[in-house]
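Subject: Structure for your files

Please find the structure below. Notes on what was found in it follow.

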Amino acid sequence: MADGTARPRLDWGHLALVLLIAGVVGLYLHDAIQASPTTDNLILILPAALLALGLCALIAIGILRGRAARGDDAPLGRAPALMGLFALYIITLPVAGFDVGSAVFVAAALLVEGERRPVQLLVVPAVFAVLATLSFRALVPYPIPTLLL
Amino acid sequence: MIDLAALSGAFGLLFASYNPWLLMIPGLAIGLVFGCVPGLQTSMAMAVFLPTTLFMDFTSAMFFLTAIFTGGMFGGGVSAIMMNIPGTSSAVATAFDGFPMARNGQHGEALGIALAASCIGTAIGYVVLLVLIKPLSGLVLAMGPTEMFMVALWGLTLIASLRGSQMARGILAGVFGLLLGTVGMSSNGVLRGTMGVDFLIDGIAVVPAMIGMFAASELFAMSQRGYLVTDSGQRTVRFSRVLAGMGMALRRPVTLLRGSLLGVVVGAVPGIGSSVSNLVSYADARRRDPAPESFGTGNPTGVVAAESANSSSEGGSMVSLFALGLPGGGGTAVLLAAFAMHNVTGGPRFLTDNADLVYTIILANIAQAVLLLGVGLVLLQALTLIVRVRLALLVPCVFVLAAFGSFGLTGDMQGPYTLLVFAAIGWLFKRYDYSIPAAVIGLLLGRMTEGELLRSYQITGGDISMVLDRPITLVLAALLVLSIVLPPLLARRRARRKAAA
């Protein structure tokens, strides 16, 4: 049973994000120093990275002590599923092409959102993908990877 | 300052034929559509349509291409307001208050503000150019690395202003963005942070990254909301509300004028241009406002400041093109290519020998600002139909367009991959209350800040007293310090007076 004195739950997700940022910054700083440890190369990177690492430490201590304001506690809903679908769409683009990949992504996203009408699931994504592919092919000066068109 | 004989010649050239005028409306419409689609840049539209100008005379080609430029500056603001995705990097600050206004059902007003501010900003930008092109070109030549660094610093102070409710997280987001902005080959020729990925040698593709962060931060979470505008009664863009928005912009003449003037000056600096001018103007408006905390929640003044500055920066960017023959950014680079296609050589002699032609182009652009009002009002009705599309369909479609646009920007899969990585970062940042605008500003300014800081260090040899010989740097530094220190002091004085009363 929760009461006013209960210790707040640790915000693991937030802690992981802070550690991730610190890791990326640390790696970048290490790589930059390895590349050239001169003032010319580190004039901005070193002070900025140290500031970022200091802020990461400050925020991480706040999270561990349960003092940091919690992130958005709203339920994640379908956002992770959509994010996952988008990742799949982008990663498979070189194989599925922009035409088929886009149609499948829009249809899958509609399905995740609860759409069940066949016309909405099959026709709308296909028409949108064809129109988008043809328009961009006309506008963009590079060949666009496609499977069918 | 104005060569009156050349100016009268320019009026003659301007009305010599109606053919160039006929090209302005399609040019504005093309620019508007390209500016609206996330990932399609105005400079890309100008490049795509550059070959069609081969069959035009030089004046017509300039009218057409600069019309695309003008339309694109406003178009970028439309998607920033309607979808929270700045169509171009020059519309980043428009999204800060424009999108909250749209979510509050004030999309008609926000678009009206953007349209009025864009038209007035463009007109002011070119009027200033008309009067000051000669002294401004001297100023451009006097801008060295220390001055450019001060301008970059001015943009970076916005990170502190836009840090959000959590100061440490906001500043961390900004510094993280700044560091990511420096990844790749430095201006000193050192390769850092690429982790063996060839895509990153030229640095992170900033526009796909920006689109990913802005789009993912809002759209994934919104897809279950039904529609962009919750109230079904407000899902139309009524003409009266766009006009009301235009009225809101006109009731802020000081912000309009200040934003426009800042836009011209910052836009005139080669390599900086419109993507920084809107941020500098927004930061300035926020600092001066009696209620700075209302910025970011749908304050119309923020939209006025951003849109007036990015539109007037177009006039500013023409300074280096006309006076020095140097392109300051993508759009002016295409114009320079058009110069070459028509056997016209830019540079100081072009300005002296062809002053009438330069004035003709400037006058035509002032006319375009008026035409934009009409084209914008007509096209807005079509462009804003998206508020009637269910978010369940709109969200994946916007992401598909962003993927296409990102591919178009880089010409390979670097764009879509960058979009994906930064969409994930944007989503996580939003969830844990890290300021996305701060991260985007850091990313936009990282490379430039480092480059100018390094060059400043190299020319001064680390001796800070050398800066004392650079009056423009000192003036910029003094203005920067004043703009940071004065507003809180004045606010405190106002509060004290109020308490005493």
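Two residues are taken to be in contact if their C-beta atoms, placed from the backbone, lie within 7 Å. On that basis, among contacts in chain B between residues at least 6 apart in sequence, 80% join residues at least 24 apart.

This is a predicted model, in which local features need pLDDT of at least 70 and side-chain atom pairs count only at pLDDT 80 or more, while totals for chains, interfaces and linings use all residues. Residues are numbered from 1 along each chain as its sequence is written, and chains are lettered from A and ligands numbered from 1 in the order in which they are written.

Chain B has 20 helices and two strands (DSSP runs numbered from the N terminus: H or I of at least four residues, E of at least two). The C-alpha trace of chain B spans about 65 × 60 × 60 Å along its principal axes.

Of the 501 residues of chain B, 60% are buried (20 or more other C-beta atoms within 10 Å of the residue's own, with C-beta atoms placed from the backbone).

Beyond its neighbours within four places in sequence, B:Leu179 touches A:Val25, A:Tyr28 and B:Gly446, among others.

The contact between the chains takes 52 residues from chain A and 51 from chain B. On the chain B side, helix 17 supplies the largest share, twelve residues.

Note on methods
Buried ≥ 20, exposed ≤ 12 C-beta atoms within 10 Å, placed from the backbone.
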